[in-house]
Amino acid sequence: MLRAGRSTMLILLLAYVIAIFYYVTTAKKGKSLGIRRVAGLDALDEAIGRATEMGRPIHYTMGLQDFEAQTFASFEILRYTAAQAAKRDVPLIVTNFRPAVHPVTEEIVRGAFMGEGKLESYKPDNVRYLSESQLAYATGVVGILERENVAANLMFGPFYAESLIFAETGQKVGAIQIAGTTMTAQLPFFVAVCDYTLIGEELFAAGGYLSKQPVLLGTLMAQDLSKMAALLLVIVGVIMRTAGNDWLFKLLAK
């Protein structure tokens, strides 16, 4: 027998799972889910184009965590960036903080260059593991940004105190900067200094949009609908409670 207050939540959970299944299945059939292209992705093409025109490299960092949701979203953005860099013969420098993430980024970049028929242009030394110490990693990235005189600084993933250090250095060298993270404490620094910022779940939307993977697209669509449904419940509930009607409140408490 279900505990009081759990039955309605179970129904809502089942509805969410059904929505995920439906949208994933729809995406697998090749049908469009109507997911919009976030503005930061247009800026990504702009940054790669600028690096091409200036003949200067692109720098990409994944942030400071092992495999988590932000990291997987960043992998897809890196895959797209590497493919575009290979197509335009632009040097791409990837710096890694975690040893476990390093070989994955190597394979992603190598695969992207191979996919564009530019494997001979792939330089393994441009995918670099720096350090698992936060300050040592930050120092290494700052040195690369200044020595390589990068034209674009791309930062997608989980960041901490080093976020402002990276962004300030990128601005100092005149790089166009695009960042994306769900770390709310670091977002103000990126918004203040970077040219474009993917805020919160826009990072996941960008990863799903670029990868075109049905599971990512379907989950993203179901999440958006569940948020709209939750917001609608809150609005209706507040209006009904204000009018003295407790029906919705009692229903959700079942």
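**Around T181**

Modeller: Start with the backbone nitrogen of M183, which sits 3.1 Å from a polar atom of the T181 side chain. That is a polar contact, meaning N or O atoms paired within 3.5 Å; within protein, one has to be able to donate a hydrogen and the other to accept it, and residues adjacent in sequence count only if both atoms are side-chain atoms. Before going on, the ground rules: this is a predicted model, where local features need pLDDT of at least 70 and side-chain atom pairs pLDDT 80 or more, while totals for chains, interfaces and linings use all residues. Numbering runs from 1 along each chain as its sequence is written, and side-chain values use heavy atoms, with hydrogens and water left out.

Back to T181: its side chain also reaches the backbone oxygen of G157, at 2.8 Å. T181 belongs to strand 5 (residues 176-181); strands here are DSSP runs of E with at least two residues, helices are runs of H or I with at least four, and both are numbered from the N terminus. T181 is buried, at 0% relative accessible area, where buried means under 20%, exposed over 50% and partly exposed in between (1.4 Å probe, protein chains only). Skipping neighbours within four places in sequence, T181 has contacts (heavy atoms within 4.5 Å) that include Q70, P158, F159, L187, F190 and L203. G157 is on that contact list too.

Two loop residues are worth a click as well. Most residues other than glycine have a negative phi. D89, not a glycine, has a positive phi of about 60°, and D89 is in the loop between helix 3 (69-88) and strand 2 (92-96). N149 is also not a glycine and has a positive phi of about 50°; look for N149 in the loop between helix 5 (134-147) and strand 4 (152-156). N149 is partly exposed, at 35% relative accessibility.

Last stop, helix 1 (residues 7-28), which holds V17. From L12 to A27 you count 15 residues in sequence and 22 Å in space, C-alpha to C-alpha.
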